[in-house]
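Take a look at the model below.

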Amino acid sequence: MLGVFSSSVVSPPDELVAAGSRTPSPKTTSAALLKRFTESNASTVSVEVGDQVRFAYTHQNESSLQPRLFGVKDEIFCIFEGALDNLGSLRQQYGLAKSANEVVLVIEAYKALRDRAPYPPNHVVGHLSGDFAFILFDKSTSTLFVASDQFGKVPLFWGITADGYVVFADDAELLKGACGKSLASFPQGCFYSTAVGGLMCYENPKNKITAVPAKEEEIWGATFKVEGATVVAARE
């Protein structure tokens, strides 16, 4: 799966910008990245959201236990990879039909968070149990919402292309070729939201997240780490 977002939607993480400047390495544009993804994956589905956002995904080489799902509702676009262990109980909580899958659930949970829920984002994401990563974009509010499960079972990476686009994907090699050193693994148990101003740990939202510069020989530009002991506060 691949999500591409212009700087008008999301500001590039300072740590990844610095990593690219500190250790120059080959980069390509967002258009070249999308072309590479399309050409290297059979039956790719690509969706443009205005001029600033692009989604792409394929079912090629996906795990039967961690399928990729794509959904759109009320101008909310979402790619979900993985599976939720508590999907049944969450369907009941959000009043969804038994046929609703994980991507429908995430869209509805986001809508509840945006429109009426009294809970902060960490509560919503913290109630998702299973192996997952998702990329969600709300066109009506230009909000980006990205999250990864607490154990990082579904790989997720982010980086910055040569033309300053922030990109998310489940394939590190794909982004390495486009982002150079401006690349990092998305931290497990965390979410990124432009609505709340950046990256947070949903297990313990009060803990600060720091970026540790990577060693020269590593492909990463930085490693994002949550400070302090991990506490599953989101589910309390």
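A residue counts as buried when its relative accessible area is under 20%, and as exposed when that area is over 50%. This is a predicted model. Of the 236 residues in the protein chain, 50% count as buried.

Start with the fold. The protein chain holds six helices and 14 strands. Its radius of gyration is 17 Å, close to the 18 Å that the globule rule gives for 236 residues, so the chain is as compact as a globular protein of that length. Along the principal axes, the C-alpha atoms of the protein chain fill a box of roughly 50 × 45 × 35 Å.

Now the contacts. Take those in the protein chain that link residues at least 6 apart in sequence: 61% of them join residues at least 24 apart.

Next, the surface. The protein chain exposes about 10,700 Å². Carbon and sulfur atoms supply 50% of that area. As for charge, the protein chain carries 21 positive and 26 negative side chains. The centres of the two sets lie 1 Å apart.

Last, the cysteines. A disulfide requires two cysteine sulfur atoms within 2.5 Å. By this rule the count is zero. Cysteine 78 is in no disulfide: the nearest cysteine sulfur belongs to cysteine 190, 18 Å away. Cysteine 78 counts as buried, at 0% relative accessibility. Cysteine 179 is in no disulfide either, and the nearest cysteine sulfur, that of cysteine 190, is 19 Å away. Cysteine 179 is buried, with a relative accessible area of 0%.

Terms used
Residues are numbered from 1 along each chain as its sequence is written. This is a predicted model: local features need pLDDT of at least 70, side-chain atom pairs count only at pLDDT 80 or more; totals for chains, interfaces and linings use all residues. Side-chain values use heavy atoms; hydrogens and water are left out. Helices (H or I, at least four residues) and strands (E, at least two) are DSSP runs, numbered from the N terminus. The radius of gyration is taken over C-alpha atoms; the globule rule is 2.2 Å times the number of residues to the power 0.38. Buried means under 20% relative accessible area, exposed over 50%, partly exposed in between (1.4 Å probe, protein chains only). Contact means heavy atoms within 4.5 Å. Accessible areas come from the Shrake-Rupley method with a 1.4 Å probe; for residues, only the protein chains shown count as cover. Lys and Arg count as positive and Asp and Glu as negative; His and the chain ends are not counted. The place of a charge is taken as NZ of Lys, CZ of Arg, CG of Asp or CD of Glu.
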